[in-house]
Amino acid sequence: MLNTKVKELSDGDVAKLLRQNYHPFYIIPEAIKRIRINPIVGELYDGEMIYSLNQVKVSFWLKYTQIRDEVVLLLNELDNYTLVFLEEEKEEIDVERKNNDFKKMISDLRSTLSEILME
């Protein structure tokens, strides 16, 4: 993974690097691109990338305000996003719960970033 270009990493690798706070300066912009393409992007579970952004250390967000502002902009773009499922999927899953879980991930990340802005 160390000799791989960021854009060539799997979704799971990007999420894992975020959770490990490994070079977030390079990894977060890639995560933002992938979330804009697919808001529930993840390898282990839907929304893994958004959840992993919430694991980035506060010190990073305080230092790199431009990247933090880009994530806030992304969250604003996702405010009205609703997950869409095929008819056959709807019979097998709880659509309302999935949408609520997704909105909670966005809300949790927004809360984290808002707290940082107040410091």
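**Close-up 1. Packing of helix H2 against helix H5 in the predicted model.** The axes of helix H2 (residues 24–37) and helix H5 (residues 65–78) come within 11 Å and cross at roughly 15 degrees, and because this angle falls under 35 degrees, H2 counts as roughly parallel to H5. The crossing of these two helices is left-handed. From H2, the residues Phe 25, Ile 28, Ile 32, Ile 35 and Arg 36 meet Ile 67, Glu 70, Val 71, Leu 73, Leu 74, Glu 77 and Leu 78 of H5, a contact made up of nine nonpolar and three charged residues, with no polar ones.

**Close-up 2. Packing of helix H1 against helix H2.** Here the axes come within 10 Å and cross at roughly 135 degrees, so that H1 and H2 are oblique to each other, and the crossing of H1 and H2 is left-handed. Asp 11, Val 14, Leu 17 and Leu 18 of H1 meet Ile 27, Ile 28, Glu 30, Ala 31 and Arg 34 of H2; the residues of this contact divide into six nonpolar, three charged and no polar.

**Close-up 3. The largest nonpolar core and the surroundings of Leu 18.** Among the 31 residues of this core, those that touch the most other members are Leu 18, Ile 28, Trp 61 and Val 71. At least two core residues are supplied by each of H1 (11–19), H2, H3 (48–53), H4 (58–63), H5 and H7 (95–118), with H7 giving the largest share, six residues. Leaving aside neighbours within four places in sequence, Leu 18 is in contact with Ile 27, Ile 28, Ala 31, Met 49, Ser 52, Leu 53, Gln 55 and Val 56.

Terms used:
Residues numbered from 1 in each chain as written. Predicted model: local features only at pLDDT ≥ 70, side-chain atom pairs only at ≥ 80, totals over all residues. Heavy atoms only, no water. Axes fitted to C-alpha atoms, helices over the stretch in contact; angles between N-to-C directions. Helix = DSSP H or I, 4+ residues; strand = E, 2+ residues; numbered from the N terminus. Parallel < 35°, antiparallel > 145°, perpendicular 65-115°, else oblique. Left-handed = near helix turned anticlockwise from the far one by under 90°. Contact = heavy atoms within 4.5 Å. Nonpolar A, V, L, I, M, F, W, Y, C, P; charged D, E, K, R; others polar. Core = buried A, V, L, I, M, F, W, Y, C linked by side-chain atoms within 4.5 Å. Buried < 20%, exposed > 50% of the residue type's maximum accessible area, 1.4 Å probe, protein only.
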